[in-house]
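Thanks for making the time this morning.

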Amino acid sequence: MENENSPIAIFEQLSIEPIHEKYAWRICDFVTVNSKRLQRYFPKTLAQNLTPTLSQIFVEQKVREYQKKEEFLFVLKDTESRKVTGLVYIKELDWDKKQAELAYCIGYDYEGKGITSRATKILSQYAIQALGLQNLQIIVHKTNLGSIRVAEKCGYIWQKTLLKEHTPPNEDPLDMELYELGA
């Protein structure tokens, strides 16, 4: 596996890097600035990063999961300011089926610039080539048009509606749309 300090890719003043302990404060900043954006689809990430102490615990756990190949969290980072601009997870890994789900979020300041699509495309290739996965999934709500565009731009194909797949805090369960990419 790559050196945990080495970027997976660098493009347009951004880098994609594996989670590392040095990101705890920056992830806390990212999450608190983007809390409204994260509360519906990333409630656990939000809750686990509301303070620097919580972020440190979160990052240490994610580094361990990365090393054990249980879940892979990548940080999108501005190479000049070193600010965290987004997160991409490769999660729900099923090594027997060679399948995983990608989940992504981008900060308000970086929305609509193609960054999430570029990072998702790079990490989809990484999941297939470096991790040996064959089936990747993106699960999105039908009203999240930006996320649907990302999935489609990256070659993911709509498969079906997953009934009551996700329950945001203080809401009823939501039906979600399943998009897949095969190797």
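Let me begin with the second largest pocket, where H1 gives the most to the lining, with four residues. Helices (H or I, at least four residues) and strands (E, at least two) are DSSP runs, numbered from the N terminus. Please keep in mind that this is a predicted model, in which local features need pLDDT of at least 70 and side-chain atom pairs count only at pLDDT 80 or more, while totals for chains, interfaces and linings use all residues. Residues are numbered from 1 along each chain as its sequence is written, and side-chain values use heavy atoms, with hydrogens and water left out.

A pocket here is an open set of points on a 1 Å grid over the protein atoms alone, where a 1.4 Å probe fits, with protein on both sides within 12 Å along at least five of seven lines, and lining residues have an atom within 4 Å of a point. The second largest pocket holds about 150 Å³ of space, a volume being the space filled by probe spheres set on the grid points, which are joined across faces, edges and corners. Its lining includes Arg26, Asp29, Phe30 and Val33, and also Lys83, Tyr108 and Tyr110. Helix H1 (24-33) and strand E4 (84-94) each supply at least two residues of that lining. By class, the lining divides into five nonpolar, three polar and four charged residues, where Ala, Val, Leu, Ile, Met, Phe, Trp, Tyr, Cys and Pro count as nonpolar, Asp, Glu, Lys and Arg as charged, and the others, Gly among them, as polar.

Coming back to H1, its buried residues are Ala24, Arg26, Ile27, Cys28, Phe30 and Val31, with buried meaning under 20% relative accessible area, exposed over 50%, and partly exposed in between (1.4 Å probe, protein chains only). What covers them includes helix H2 (35-38), H3, helix H4 (52-67), strand E3 (72-78), E4 and E5.

Within helix H3 (residues 43-47) we find Thr45, which counts as buried because its relative accessibility is 6%. Leaving aside neighbours within four places in sequence, Thr45 is in contact (heavy atoms within 4.5 Å) with Val31, Phe58, Leu87 and Tyr89. The side chains of Thr45 and Tyr89 are also joined by a polar contact of 2.6 Å, that is, a pair of N or O atoms within 3.5 Å, where within protein one must be able to donate a hydrogen and the other to accept it, and residues adjacent in sequence count only if both atoms are side-chain atoms.

Finally, in helix H6 (residues 145-153), the buried residues are Ser147, Ile148, Val150 and Ala151. Seen down the axis of H6, they fall within an arc of 155°, so they line one face of the helix; the arc is that of the directions from the helix axis to the C-beta atoms. These buried residues pack against E5, helix H5 (115-129), strand E6 (135-140) and strand E8 (174-182), whereas the face turned away from the buried side carries the exposed residues Leu145 and Lys153.
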